[in-house]
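Please consult the sequence and the model alongside the text.

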Amino acid sequence: MSALEQMATTTQDTALYCEIQNFYGRQMRLLDSAAVEDWAATFTEDGVFAANGHPQPHQGRDAIERGARQAASALAAQGVQRRHWLGMLDMAQNADGTVSARTYALIIETPQGGQSHVQLSCTCDDLLVREAGRLLVRHRQVQRDDLPRS
Amino acid sequence: MSALEQMATTTQDTALYCEIQNFYGRQMRLLDSAAVEDWAATFTEDGVFAANGHPQPHQGRDAIERGARQAASALAAQGVQRRHWLGMLDMAQNADGTVSARTYALIIETPQGGQSHVQLSCTCDDLLVREAGRLLVRHRQVQRDDLPRS
Amino acid sequence: MSALEQMATTTQDTALYCEIQNFYGRQMRLLDSAAVEDWAATFTEDGVFAANGHPQPHQGRDAIERGARQAASALAAQGVQRRHWLGMLDMAQNADGTVSARTYALIIETPQGGQSHVQLSCTCDDLLVREAGRLLVRHRQVQRDDLPRS
């Protein structure tokens, strides 16, 4: 049996793994550049963004966009550039066609003229779906490592 | 042939590259969630974990599990969440069927209720093998950047 | 067609995505290990390295090598190990055969015997080309997050 035949990873898995990585690369840039409407459009219309740092989940694109706009305004007022890194992707394809994508998340903050630092370390558990050929987040659960898990 | 001419271009290389990334995503989560038995099972039965920060290498799954259990207990006692990030993967398939996988490693620590920070920056050089279809670490050499290389 | 509809899904895209990640893994190791001639060889002969932290771009391999040698000497004199992480890759294949590769960049510094920390957070926008089968950087624009964008 050749090495290729022994591989657990199919061509489809491989393509999806890279597609998710590229999706995150694009998605988090939208957030970090305050393109909040485009950011919200990476969630399904009824998408949910839940976090143990939020009093309640943001439900639906409008709420997700409002939340991002508020955060972006606060950062702009402080002159702080955020960078969201998602990494250490562990993905699983579910029987119903959805994809579970678990990542570690780092938020790096840099004040204008100041020193960069790790602001937050989190985990990010996504449920991804495909609509009209595009990956979208249907449900995101972010857990900050400094707070009790929700 | 230079290192650059050995770049990952075949379908098999591509699948393996993603498989290793996903393997690390899964493997380091096991360690970070203190699933130390499952963590040890990601090494071969006679696997070696060597580090310039350890007085001597951990040899075999039992020793690797004991080392991880000790570290996990200490972190739990301190209320600290660790996250191991492996990135910047550079892989090479060896003639004997093994795979050399070099990564950079960051250890991010977050105390409960406190500030996240970079605890350690390291390199991680793995020799990976496939057993019963699964990737396993046969030999891992971690080098902390703050200590002399072993 | 929205940006999200242009996602990497073909086998060729997938292979290229992994090849770029592996290229960066190799390339930045060369810089971080002070292999400055090999580092310069990952740029085209007329390659440009521009940065908002540099008074002017480095033009051509010789200038890129000189710049890297100077930086490496300063770090060695200070006993500091740098690690360049490129992540969150967002790639796009251009009609002329070149590839646009956008990444986030973290520079982690560790003094010998001291504490690791995030030194800089940046974005890195590359124009990649293939010469004799190898990926090379034709143009790199680095933007430090703490300085005004150039």
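Which cysteine sulfur is closest to that of Cys18(A), and how far away is it? The closest one belongs to Cys18(B), at 3.4 Å, which is too far for a bond. A disulfide is here a pair of cysteine sulfur atoms within 2.5 Å, and the structure, a predicted model, holds zero of them over all chains. Cys18(A) is buried, its relative accessible area being 1%; buried denotes under 20% relative accessible area, exposed over 50%, and partly exposed in between (1.4 Å probe, protein chains only).

For Cys122(C), the closest cysteine sulfur is that of Cys124(C), 8.4 Å away and likewise too far for a bond. Cys122(C) is also buried, at 3% relative accessibility.

## Basis of the values

Residues are numbered from 1 along each chain as its sequence is written, while chains are lettered from A and ligands numbered from 1 in the order in which they are written. In this predicted model, local features need pLDDT of at least 70 and side-chain atom pairs count only at pLDDT 80 or more, whereas totals for chains, interfaces and linings use all residues; side-chain values use heavy atoms, with hydrogens and water left out.

## Architecture of chain A

Chain A contains four helices and six strands, arranged along the sequence as α-α-α-β-β-α-β-β-β-β. Helices (H or I, at least four residues) and strands (E, at least two) are DSSP runs, numbered from the N terminus. The C-alpha trace of chain A spans about 60 × 35 × 30 Å along its principal axes.

Of the 150 residues in chain A, 54% are buried. Contact means heavy atoms within 4.5 Å; among contacts in chain A between residues at least 6 apart in sequence, 51% join residues at least 24 apart.

## Interface between chains A and C

In chain A, 33 residues are in contact with 36 residues of chain C. The two chains bury about 2800 Å² between them, with carbon and sulfur atoms giving 58%. Arg26(A), Arg29(A) and Trp85(A) supply 29% of the area that chain A buries against chain C, more than any other three residues. Buried area is the accessible area (1.4 Å probe) that two parts lose on being put together, summed over both.

## Positive phi values

Ala34(B), although not a glycine, has a positive phi near 65°. Ala34(B) is in the loop between α1 (11-32) and α2 (36-40) of chain B and is partly exposed, with a relative accessible area of 43%.

Met88(C), also not a glycine, has a positive phi of about 60°. Met88(C) lies in strand β3 (residues 80-93) of chain C and is buried, at 7% relative accessible area.
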